[in-house]
Amino acid sequence: QVDLVESGGGLVQPGGSLTLSCAASGGTFGSSALGWFRQAPGKEREFVAAIGGNWSGGITAHADSVKGRFTVSRDNAKNTGYLRMNNLKPEDTGVYYCAVSEGYEGAVKFEWQYTYWGQGTQVTVSS
């Protein structure tokens, strides 16, 4: 069992930056894929970014909509994952979730590949 707690969300103006954190407890965090997803109001949850576990060499993947603006990373010594978000746009608004996979080590992109989910943190981009 892995418990995940996201933090770092908030209200930011367009063009601003935020860093989300995902603190994990339990399980084997370092060897597991870590993903970030988001859900905008009235829309389905979508993939944002992912980073593989130790054996993958930390491979990363980012959705096309955030490439060049968002960066996923992790600190396995702290059992924590991060999503650095720069040049935020109103369309980035939504609830952001982190997730950890029990069976995959690469930077996987599909919700069904993830086992444990956090409760989500709200990100609002508005002037």
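The legends below describe close-up views of a predicted model.

**View 1. Polar partners of the D92 side chain.** A polar contact of 2.7 Å links the side chains of D92 and R69. A polar atom of the D92 side chain also lies 2.8 Å from the backbone nitrogen of K89.

**View 2. Strand β5 and its pairing with β4.** Strand β5 covers residues 46-51, and five of its six residues are buried, so the strand is largely enclosed by the rest of the structure. Strand β4 (residues 34-39) runs antiparallel to β5, and five bridges join the two. Within this pair, G35 stands opposite A50 of β5. The hairpin of β4 and β5 has six residues between the strands, and G42 in this hairpin takes a positive phi near 75°.

**View 3. Pairing of β5 with β6.** β5 also pairs with strand β6 (residues 60-62), in the antiparallel sense and over three bridges. Here A49 stands opposite H62 of β6.

**View 4. A nonpolar surface patch.** Y104, F110 and W112 make this patch, which has an area of about 380 Å². One of these residues, F110, is found in the loop between β9 and β10 (116-117).

Terms used. Residues are numbered from 1 along each chain as its sequence is written. This is a predicted model: local features need pLDDT of at least 70, side-chain atom pairs count only at pLDDT 80 or more; totals for chains, interfaces and linings use all residues. Side-chain values use heavy atoms; hydrogens and water are left out. A polar contact is a pair of N or O atoms within 3.5 Å; within protein, one must be able to donate a hydrogen and the other to accept it, and residues adjacent in sequence count only if both atoms are side-chain atoms. Patches are made of residues with over 30% relative accessible area and no salt bridge: like charges are joined within 9 Å, nonpolar side chains (Val, Leu, Ile, Met, Phe, Trp, Tyr) within 5 Å. Accessible areas come from the Shrake-Rupley method with a 1.4 Å probe; for residues, only the protein chains shown count as cover. A salt bridge is a side-chain nitrogen of Lys or Arg within 4 Å of a carboxyl oxygen of Asp or Glu. Helices (H or I, at least four residues) and strands (E, at least two) are DSSP runs, numbered from the N terminus. Buried means under 20% relative accessible area, exposed over 50%, partly exposed in between (1.4 Å probe, protein chains only). Two strands pair if DSSP finds at least two bridges between them.
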